[in-house]
Amino acid sequence: IRYKCSVCPNYNLCSSCKSKGGHTEQHKMTAIRSPQDRRHLGVTCDACKGPMYGTRFMCIDCPDYDLCYECKRSGCHMEHNLTEIKNPQDAKSSEDSDNLHPVRCDGCNGSVYGIRYKCSKCQNY
């Protein structure tokens, strides 16, 4: 689930940061439950070649091998160790190093990769 600020354009929080009271108490956050929100952009399943939604299984032995939930469940690539990535924002690859921003997330204090959202109303948020 992602939480979108109803006041600030392009401001979102993950469930973990929302539960910690991220952003500001005065702005209402709307829960958005959509499979599109859990899409791993730029990643396809190496077995079925489909887009990656929901849980992604990344091989820790191969440099670039990912499986979708259905292909993993059917027994593909069982000869290697796979790590489970439930949320796209939890995945970091060598490709992400080009998209690393020189700031920390105000919600969880983690590194910011890819698209960066900044509140247009709050100073330094």
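What is the mean pLDDT of the protein chain, and what percentage of its residues reach 70 or more? The mean pLDDT is 77, and 70% of the residues reach 70 or more; pLDDT is the predictor's confidence in each residue, from 0 to 100. This is a predicted model, in which local features need pLDDT of at least 70 and side-chain atom pairs count only at pLDDT 80 or more, while totals for chains, interfaces and linings use all residues. Residues are numbered from 1 along each chain as its sequence is written, and side-chain values use heavy atoms, with hydrogens and water left out.

## Confidence along the chain

Confidence is highest in strand E7 (residues 66–68), at a mean of 92, and lowest in strand E9 (residues 100–104), at a mean of 62. Over residues 93–98 the pLDDT stays under 50, and for this stretch the model has 2 contacts beyond four places in sequence; a contact means heavy atoms within 4.5 Å. Where pLDDT is low, the predicted coordinates should not be read in detail.

## Overall architecture

The protein chain has 2 helices and 10 strands. Helices (H or I, at least four residues) and strands (E, at least two) are DSSP runs, numbered from the N terminus. Along the sequence, these elements follow the pattern β-β-α-β-β-β-β-β-α-β-β-β. Among contacts between residues at least 6 apart in sequence, 34% join residues at least 24 apart.

The accessible surface of the protein chain comes to about 8,300 Å², and 47% of this surface belongs to carbon and sulfur atoms. Accessible areas come from the Shrake-Rupley method with a 1.4 Å probe, and for residues only the protein chains shown count as cover. Of the 125 residues, 28% count as buried; buried means under 20% relative accessible area, exposed over 50%, and partly exposed in between (1.4 Å probe, protein chains only).

A nonpolar core is a set of buried Ala, Val, Leu, Ile, Met, Phe, Trp, Tyr and Cys residues joined through side-chain atoms within 4.5 Å. The largest such core has 8 residues, namely Tyr 3, Cys 5, Cys 8, Tyr 11, Leu 13, Cys 17, Met 29 and Cys 119. A second, separate core has 7 residues, among them Val 43, Cys 45, Cys 68 and Cys 71. In soluble globular proteins, nonpolar side chains tend to be buried together.

How many disulfides does the structure hold? The structure holds 0 disulfides, a disulfide being a pair of cysteine sulfur atoms within 2.5 Å. For Cys 17, the nearest cysteine sulfur is that of Cys 14, 3.6 Å away. For Cys 45, the nearest cysteine sulfur belongs to Cys 71, at 3.7 Å. Cys 17 counts as buried at 2% relative accessibility, and Cys 45 counts as buried at 0%.

## Selected loop residues

His 27 lies in the loop between helix H1 (15–19) and strand E3 (29–32). His 27 is buried, with a relative accessible area of 16%. Its side chain is joined to that of His 23 by a polar contact of 3.3 Å. A polar contact is a pair of N or O atoms within 3.5 Å; within protein, one must be able to donate a hydrogen and the other to accept it, and residues adjacent in sequence count only if both atoms are side-chain atoms. Leaving aside neighbours within four places in sequence, His 27 is in contact with Cys 5, Val 7, Cys 8 and Cys 122.

Two residues other than glycine have a positive phi. Lys 49, with phi near 70°, is found in the loop between strand E4 (39–44) and strand E5 (51–53). Is Lys 49 buried or exposed? Lys 49 is exposed, with a relative accessible area of 58%. His 77, with a phi of about 60°, is placed in the loop between helix H2 (69–73) and strand E8 (82–85). His 77 counts as buried, at 11% relative accessibility.

## Pairs separated in sequence

|---|---|---|
| Lys 20 and Gly 107 | 87 residues | 8.0 Å |
| Lys 4 and Thr 30 | 26 residues | 5.1 Å |
| Ser 16 and Arg 2 | 14 residues | 9.6 Å |

Lys 20 lies in the loop between H1 and E3 and is exposed, with a relative accessible area of 59%. Lys 4 belongs to strand E1 (residues 2–5) and counts as partly exposed at 29% relative accessibility. Ser 16 is placed in helix H1 and is partly exposed, with a relative accessible area of 37%.
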